[in-house]
Amino acid sequence: MPFDPFAFLNAVGLVAFAFVGALKATDAGLDVFGVTVLGVVTALGGGTLRDVLVADVPASLQSVGDVTVALSGVALAVAVVQTTDVRLRDSPVVLVPDALGLAAFAATGALVGTDAGVSPFGVVALATLTAVGGGSISDILLSRVPVVLRDDFYATPAVLGGVAFWSVSLAGASVELATGLCAALVFVVRILALRYRWRLPTPAPRENRAGES
Amino acid sequence: MPFDPFAFLNAVGLVAFAFVGALKATDAGLDVFGVTVLGVVTALGGGTLRDVLVADVPASLQSVGDVTVALSGVALAVAVVQTTDVRLRDSPVVLVPDALGLAAFAATGALVGTDAGVSPFGVVALATLTAVGGGSISDILLSRVPVVLRDDFYATPAVLGGVAFWSVSLAGASVELATGLCAALVFVVRILALRYRWRLPTPAPRENRAGES
Amino acid sequence: MPFDPFAFLNAVGLVAFAFVGALKATDAGLDVFGVTVLGVVTALGGGTLRDVLVADVPASLQSVGDVTVALSGVALAVAVVQTTDVRLRDSPVVLVPDALGLAAFAATGALVGTDAGVSPFGVVALATLTAVGGGSISDILLSRVPVVLRDDFYATPAVLGGVAFWSVSLAGASVELATGLCAALVFVVRILALRYRWRLPTPAPRENRAGES
């Protein structure tokens, strides 16, 4: 079997996302079942949402491969939490694989959307939802506002990747090229955003009305 | 192209829903990405949920029309928030277009449900979910109990509209008539509910058990 | 019409789930509409999620039978809340029917997954989501972390039931036998968990990092 760089990126992303999701769950004091669910949902949620939106049975339910990879990320998180006080979450050891996952997932979202014949907006929306959907669902399960909606430059690389995929496809690029460019752009923008602490502006109201619902 | 009153109502609703959703997001202090997502989700979420439930690829992902209209509502909200202290949310300038959107969305939900051959309950459920789904998803994203579940006479007009659509269809009315009646009923009931501050009764427990989960 | 034990279990579960969901909603102070929605969502949500995941129009929208049964559970809850101070929720009068529902729903999830040709993981995931999905969606609507993710031995029986269904199917058992074994196992494990207060371990971090998000 030849080396498939895309499948490799995807697996790295699954492990990183499951690791981050399981850490969030241990921080929230969930039991072993809850930690496993949060890790698996963080890893598989985005792709599952993507497939539901194009009216397919989710790929995540059609094999045991992805969930197995995700479970290894959960096991790693539990092992780390039980044996060390090191905070890995904000370290490059986690952030770089997480950025690879973001890149791989955004690219599969754009690809599936294109195959399903959705509009340019649909391509961008599916790229973004595939990349950030798992983390967002796990935030909702923890009764939190998804981090991507707050002050993080996390979803924006996926949006840009979706736009890039669609643009170069329109310009005649092959699917392989569009996928590769999309993933590369998402990864680079995400790493730059982390490195230089990029922030999107907040259109705050002139008087603060928070809490009025 | 002849004037299509239904498409017009739908566009008015998209702008109003996106405007209200974006305002909620600025109040909650989200950044530009979060504000855009909340506005777009509030506008497109109900129809997307409707299409997922009848196992279709969402219409919202199949064109750029709806999202473009929704983005204009988001832009309007950001402009208003940045330039004025006027609170538009509880003013007729927002509430009337919002009621038009509620009416248009309930009617499309009933219509899509009927086409998909669902049961009378399915027609009413889809009318209601299409009308209130976008606002509810955006409330969940903000980690709030959806307003429609609390003390507002907001979903009830959509329920009544769904019942009306199904009843007159059963009685032999054309799809056009059923759609028009449904939308008109939803709009009138919603406006009356606002005007006369209608409230549904609350079956409160004799002792207050809130907080016990 | 011959007696169908499975349909009977399913109806018992729908009533119990709707009853529990409606109680949660009255405790949270929702109005009549909110109480009805919470009850119906708790009863029908798991099956609806199951059908969406295998890309079918939900059975819950295709007949009026399930919703009618669920509404009877809601009516019962409202009547009990209005007329008595007795707390039924933790009594066997509610917990045993609830366990029957858990068993019936897990079995239908495994069955639908098997029919849809999903992987062993898909069978287990669908059994679990069908059983606990309705309660989890209603918790999310109330802006709470789903109870199943915290310290309750509630989802685990459904997971075991899904594993059992898949294992005996692989060993050549008929669908009827697999369904019956799955349901029986879920029910027995759930009742034992209640009786002996089983708990899953919590992989708490060595220092408590809760709240850091």
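In the predicted model, Ala55(C) is found in the loop that runs between H2 and H3 of chain C. Ala55(C) is not a glycine, yet its phi is positive, at about 60°. Most residues other than glycine have a negative phi.

The interface of chain C with chain B was examined next. On the chain C side, 40 residues are in contact, and they meet 37 residues of chain B. The two chains bury about 3,000 Å² between them. Carbon and sulfur atoms account for 63% of that area. Three residues stand out on chain C: Asp31(C), Phe33(C) and Leu61(C). Together they supply 22% of the area that chain C buries against chain B, more than any other three residues.

Polar links between chain C and chain B were then counted. There are zero salt bridges between chain C and chain B. Three residue pairs are in polar contact, with both partners at pLDDT 80 or more. By class, the side of chain C that touches chain B holds 21 nonpolar, eleven polar and eight charged residues.

Chain C also meets chain A. Here 37 residues of chain C are in contact with 40 residues of chain A. The area buried between chain C and chain A is about 3,000 Å², with 63% of it on carbon and sulfur atoms. Salt bridges between chain C and chain A number zero. Polar contact across this interface involves three residue pairs, both residues of each at pLDDT 80 or more.

The side of chain C that touches chain A draws at least two residues from each of H2, H5 and helix H6 (155-170) of chain C. H5(C) makes the largest contribution to this side, seven residues. The residues of the side of chain C that touches chain A divide into 22 nonpolar, seven polar and eight charged.

A rotation of 120°, with 0.0 Å of shift along its axis, places chain C on chain A with an RMSD of 0.0 Å. That is the relation of a three-fold axis. The copies use different surfaces in their contact. Of the contact residues of chain C, 16% recur in chain A.

Key. Residues are numbered from 1 along each chain as its sequence is written. Chains are lettered from A and ligands numbered from 1 in the order in which they are written. This is a predicted model: local features need pLDDT of at least 70, side-chain atom pairs count only at pLDDT 80 or more; totals for chains, interfaces and linings use all residues. Side-chain values use heavy atoms; hydrogens and water are left out. Contact means heavy atoms within 4.5 Å. Buried area is the accessible area (1.4 Å probe) that two parts lose on being put together, summed over both. A salt bridge is a side-chain nitrogen of Lys or Arg within 4 Å of a carboxyl oxygen of Asp or Glu. A polar contact is a pair of N or O atoms within 3.5 Å; within protein, one must be able to donate a hydrogen and the other to accept it, and residues adjacent in sequence count only if both atoms are side-chain atoms. Ala, Val, Leu, Ile, Met, Phe, Trp, Tyr, Cys and Pro count as nonpolar, Asp, Glu, Lys and Arg as charged, and the others, Gly among them, as polar. Helices (H or I, at least four residues) and strands (E, at least two) are DSSP runs, numbered from the N terminus. Copies are superposed by least squares on the C-alpha atoms of residues with pLDDT of at least 70 in both.
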